[in-house]
Amino acid sequence: MEFSLSGFGSKNREAVEKEVKLLILGAGPAGMAAALYAARAELEPVVLTGMQLGGQAALTHTIENYPGFPDGVGGTSLGELFQQQAEHFGARVEFGSATSVDLSSRPFKVATDSGTNYKAWSLIIATGAQSNPLNVPGEKDLTGKGVSYCGTCDGWFFKNKDILVVGGGDSAVEEAIFLTRFANSVTIVHRRDELRAGAILQKRAKENPKIKFFWNTVVTEIIGDDAVKSVILKDIVSGETRQHDTDGVFVFVGHTPNSSLFNGQLEIDAKGCIVVDSLMQTTVPGVYAAGEVADPHFRQVVTSAGMGAAAAIQATRFLEAEE
Ligand code: NAP
């Protein structure tokens, strides 16, 4: 059903309104798995893509731990397969990001930046998470000029360069290994003396001749004009600082859930995750959350997809209960 309105969410131009049984915010593994299950339950779900079709997984070069792909699968390819499968059963993927929501009564209202506003009888929030910055001087100005948050996207620009990777988790170590395809050397800068990353990744990194480590070290400043030239490093044990020349700084120091749109309308924990019960139910009946926006623990492609499927099953039951 489509008609125009000049009320909620519409700005200057006349907005189109669509009424849907189920709206899914986010097109990563959680959102697409939810779409697949909801489409098979004939809810005709609409998936709003947000900024990143395929979610963070699409920024990963190879995913080796998603079941069913013994040789690994490209992050973008996996996202495309998720989408094809969901669309095959009738899910509709629409481009745009939610800009405001009103969850105070049903149908829930979601305004978007695409000119389409939705009224949804149930909602699955699968908006994922975004990379944390280091928040040091120089970082913002040099983003895209040697500072990056995505090895898969930007690695090619660092052929035969000497670069730093900041962080000690799975993302940092996995991306450091990937970046050795291009870079002359990759130095992992970690604030502790042991990595958080899983054992297989740690072993691979430590055995890789192109990878070095600066332990107990943080970056306190990134220096350069049109391109990164050097960083200031601080040894957190001795307190000493030194300048270190480098061509690039890749930052992987965790993620923040994309939950701010729901502040004041849903319960959100101290880490920014939307609080859900074991059935993916948020504090508003009919609103579910799945994937990294609601997961402070696992944050894997497979667990996000599982949460998305569970959320869709529950949304189906919720809508069926009122028929
Ligand atoms: P993470 O596990 O939260 O690790 C963040 C890393 O950044 C930690 O080593 C942390 O240090 C460091 N850090 C945090 N704030 C910092 C700061 N201000 N300055 C310097 N260092 C800082 O995040 P992630 O690596 O992005 O992983 C997120 C989730 O995705 C995890 O559950 C991970 O298992 C999963 N993941 C899995 C795979 C895979 O299975 N292949 C790949 C990527 C991600 P400390 O260690 O001292 O806290």
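Good morning. I begin with the ligand: one of its oxygen atoms lies 3.2 Å from a backbone N or O atom of Phe 298. Such a pair is called a polar contact, that is, N or O atoms within 3.5 Å; within protein, one atom must be able to donate a hydrogen and the other to accept it, and residues adjacent in sequence count only if both atoms are side-chain atoms.

Please note that this is a predicted model, in which local features need pLDDT of at least 70 and side-chain atom pairs count only at pLDDT 80 or more, while totals for chains, interfaces and linings use all residues. Residues are numbered from 1 along each chain as its sequence is written, and side-chain values use heavy atoms, with hydrogens and water left out.

A nitrogen atom of the ligand is 2.8 Å from an N or O atom in the side chain of Glu 174. Taken alone, the ligand exposes 920 Å², and the protein buries 79% of that (accessible areas come from the Shrake-Rupley method with a 1.4 Å probe; for residues, only the protein chains shown count as cover). How many residues surround the ligand? There are 19, and the closest are Asn 65, Asp 170, Ser 171, Arg 192 and Arg 196; a residue is counted if one of its heavy atoms lies within 4 Å of the ligand.

I turn now to the domains. Domain 1 covers 2-130 + 255-320, and domain 2 covers 133-251; these bounds come from an automatic or database domain assignment. Their centres, taken over C-alpha atoms, are separated by 32 Å.

Where do the two domains meet? Five residues of domain 1 are in contact with nine residues of domain 2, contact meaning heavy atoms within 4.5 Å. The rule finds one salt bridge across this interface (a side-chain nitrogen of Lys or Arg within 4 Å of a carboxyl oxygen of Asp or Glu). Arg 204 forms a salt bridge with Glu 64, with the closest N and O atoms 3.1 Å apart. Thank you.
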